[in-house]
Protein chains: 2
Amino acid sequence: MSPTNWLESNCPIARVTDLLGEGWVLLLLREAFLGTRRFNDFERELGIARNILSDRLKKLVAAGVMERHRSAEDGRVVEYRLTQAGRELFPVLVGLGQWAGTWLCEGSQPMRVVERESGREVAPLQVRSLSGRALGPGDVRLAPGPGADPATAERYARAIEAAS
Amino acid sequence: MSPTNWLESNCPIARVTDLLGEGWVLLLLREAFLGTRRFNDFERELGIARNILSDRLKKLVAAGVMERHRSAEDGRVVEYRLTQAGRELFPVLVGLGQWAGTWLCEGSQPMRVVERESGREVAPLQVRSLSGRALGPGDVRLAPGPGADPATAERYARAIEAAS
DNA sequence: CCGAAAAGGTTGCATATTGCAACCGTCTTT
DNA sequence: AAAGACGGTTGCAATATGCAACCTTTTCGG
């Protein structure tokens, strides 16, 4: 497999790598969640090169994560907004922020994710069963879904053996 | 800001971009969670170039996400294992898998994350308050933590204004 | 104890991606 | 009509990536 055909891959993580595994994309999403919508604002907040910003926004739009709207009030301005798909990345972004704040910042904790109303810190992100029980890496396994190809299914089967 | 000083940045998402926002890293972590430990196995499972694999493993080790051990039984083999920090990325990986399976695979759902015992699908990842209430993007805000620099704090303050 | 093979890399070179600065086209305000 | 704001694109230099070949250490078979 090579980056050229990640998007055609059967693995969701490979596909998401094609999108998020490129520089700037996580930061663009963070900015979007912080309320940034305009080309020049993304550029100024992040210091990203304009051609790269242009490229990334196109990819995010193509992937259905953001939508491009021309403003009705001022025909010069274009707004990039998170779609439903984009907003659903919220738990992942929070999880990354929590993780990086804990493990990548030598305990300095520059950022806290808090409830808007109370200002209380939110809970650490956890994988849960449908009944609400917290699950760790050892409690779950990957299973082929309806759209899995044989190689993928075989890969997951091998992983289960390796873990046992 | 440029990729060269992301790691020095005060923003956890910027730091995590430096690590995960590079090709292959998410896939390496997926493989690690699937039980892969050895250099040649990562190479074979992913088809990654050996020099890039070498580079990424070094970075993951340097970041404290993986540990490099020489095997006691066979002195030729080296094992790369997730550290505690690495294992705590589990919810994020699951969240990415769920999200990509839903939004990036045209409904084909190649992968399911299920409880090992029962085979039942796990719940969609959610941000929760300490009391267990589910929180959406509008229910939380970012707040400067103890280690925040003035620019970061000012940035979060501006975001709150923009959202209101 | 010697040669072959396995494991885990490193190196050199061609190609692709990125960053920077300058330029362009459209819409708005004066 | 001119000037400025906004959202890009283009060309070029620097950097990162992929591929194949090579190197080093450890083990195994005779």
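The legends below describe close-up views of a predicted model.

Local features are given only where pLDDT is at least 70 and side-chain atom pairs only at pLDDT 80 or more, while totals for chains, interfaces and linings use all residues. Residues are numbered from 1 along each chain as its sequence is written, and chains are lettered from A and ligands numbered from 1 in the order in which they are written.

**View 1. The contact between chain A and chain B.** Chain B brings 80 residues to this contact and chain A brings 79 residues, where two residues are in contact if their C-beta atoms, placed from the backbone, lie within 7 Å. On the side of chain B that touches chain A, the elements giving two or more residues include α1 (12-20), α6 (90-103) and α7 (150-163) of chain B, with helices (H or I, at least four residues) and strands (E, at least two) taken as DSSP runs numbered from the N terminus. The most is given by α6(B), with 11 residues.

**View 2. Strands paired across the two chains.** Strand β3 (residues 111-115) of chain A runs antiparallel to β6(B), and 5 bridges join them; strands pair if DSSP finds at least two bridges between them. Here A:V114 stands opposite B:R141.

**View 3. The surroundings of DNA strand D.** There are 20 residues around DNA strand D, and A:N40, A:N51, A:S54, B:A49 and B:G75 come nearest, a residue being near if its C-beta atom, placed from the backbone, lies within 6 Å of the strand. At least two residues each of this surface come from α3 (39-46) and α4 (50-62) of chain A and from α4 (50-62) of chain B.
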